[in-house]
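Hi there,

Here is the structure I promised to pass on.

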Amino acid sequence: MARRFSLSVIAMCAAAGAAAGADFTAKQITQDLYKATDDAPLNYARRDLTDLDLAGLKFKKANLSEANLFGADLSGADLTGVNLHAARLDRVNIIGTRFDQADLSEASILRPASATTFEGNRSEAASFVGANLTKARLFGVFTGGTFAKARMAGVTLAPFSDTGFIEVLWRSRLDSADLTGTDLTGADLSHVSFRFANLQGANLAGARLVNADLSHADLSGADLTGADLSRADLDRAILTGAKGLDSVGGLSTARNRDKAID
């Protein structure tokens with residue numbers, strides 16, 4: 001009997017510890033954000049906000065730098081102008097979430113829930129217009145997402161290994177995404193799918209696009225100086241007015257190069 005009681009107490013304590021993982025409750029954050037203003041934003045820097053239901057909240061330029069939001073529900077939330085530098089956003093729900101003008105430099109957004117279907121839905125896609133994603137790590141489905149004029153220099157969207165077959169099944173997808181005027185200099189975009197994406201005027205200088213799927217993507221006016229297009233798929237890709245094509249690496253190995261539109 002005593003042993004069963006001890007085990008029950010241990011189990012209860014363990015459950016209580018698991019439930020108390022986050023530093024705040026969703027209710028506390030909701031109340032605090034209601035009182036906050038853009039001029040007097042809340043400071044959640046380096047706080048544990050894992051698994052919280054924060055759907056639909058407006059964060060009013062809060063400081064979430066280095067915060068841990070693993071598994072949080074941010075669907076429909078407005079994080080415009082929020083400081084998310086080096087924040088952990090892995091496995092978060094970002095359906096319909098706004099990150100416009102947010103600082104996501106060195107942040108981690110791995111395998112987020114970004115749509116209700118595997119292929120993605122433009123109406124559910126997150127928005128990163130003008131966001132700072134410098135040296136951030138992203139991996140997952142961002143189909144139909146808006147990254148126009150975002151700063152993504154040194155970003156990594158590639159898988160963490162390069163074994164070949166697995167990257168075809170598990171690759172970041174930015175199909176039909178808007179990347180007009182986006183800075184992707186030196187980015188690792190290996191194996192990423194950009195099918196039908198709008199990359200007009202994007203800066204891809206020095207970017208790694210090995211095995212990337214650029215079929216039907218619009219790269220008109222893009223800067224490809226020093227980019228690596230080894231084994232990339234250029235089927236019907238629009239390269240009209242693209243800069244630096246004479247310095248692109250691996251172009252001779254690119255698939256469907258003869259079908260690209262110059």
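**The phenylalanine cluster**

Ring pairs join F99, F128, F142 and F147 into a cluster. Please keep in mind that this is a predicted model.

In total, the count comes to four aromatic pairs. Take F128 and F147: their ring centres are 4.8 Å apart and their planes meet at 5 degrees, so this pair is stacked. F128 has a relative accessible area of 0% and is buried. F147 is buried too, again with a relative accessible area of 0%.

F147 has another partner in F142, and here the geometry is edge-to-face: the centres are 6.3 Å apart, with 75 degrees between the planes. F142 and F147 are both buried.

**The chain as a whole**

Now for the wider picture. The chain has three helices and two strands, and along the sequence they follow the pattern α-α-β-β-α. Of its 262 residues, 47% are buried. The accessible surface comes to about 12200 Å², and carbon and sulfur atoms account for 52% of that. Among contacts with a separation of 6 or more, 27% are between residues 24 or more positions apart.

I hope you enjoy looking through it.

Best wishes

Technical notes:
Residues are numbered from 1 along each chain as its sequence is written. This is a predicted model: local features need pLDDT of at least 70, side-chain atom pairs count only at pLDDT 80 or more; totals for chains, interfaces and linings use all residues. Side-chain values use heavy atoms; hydrogens and water are left out. Helices (H or I, at least four residues) and strands (E, at least two) are DSSP runs, numbered from the N terminus. Buried means under 20% relative accessible area, exposed over 50%, partly exposed in between (1.4 Å probe, protein chains only). Contact means heavy atoms within 4.5 Å. Accessible areas come from the Shrake-Rupley method with a 1.4 Å probe; for residues, only the protein chains shown count as cover. Rings of Phe, Tyr and Trp (its six-membered ring) pair if their centres lie within 6.5 Å; planes under 30 degrees apart count as stacked, over 60 as edge-to-face and the rest as tilted.
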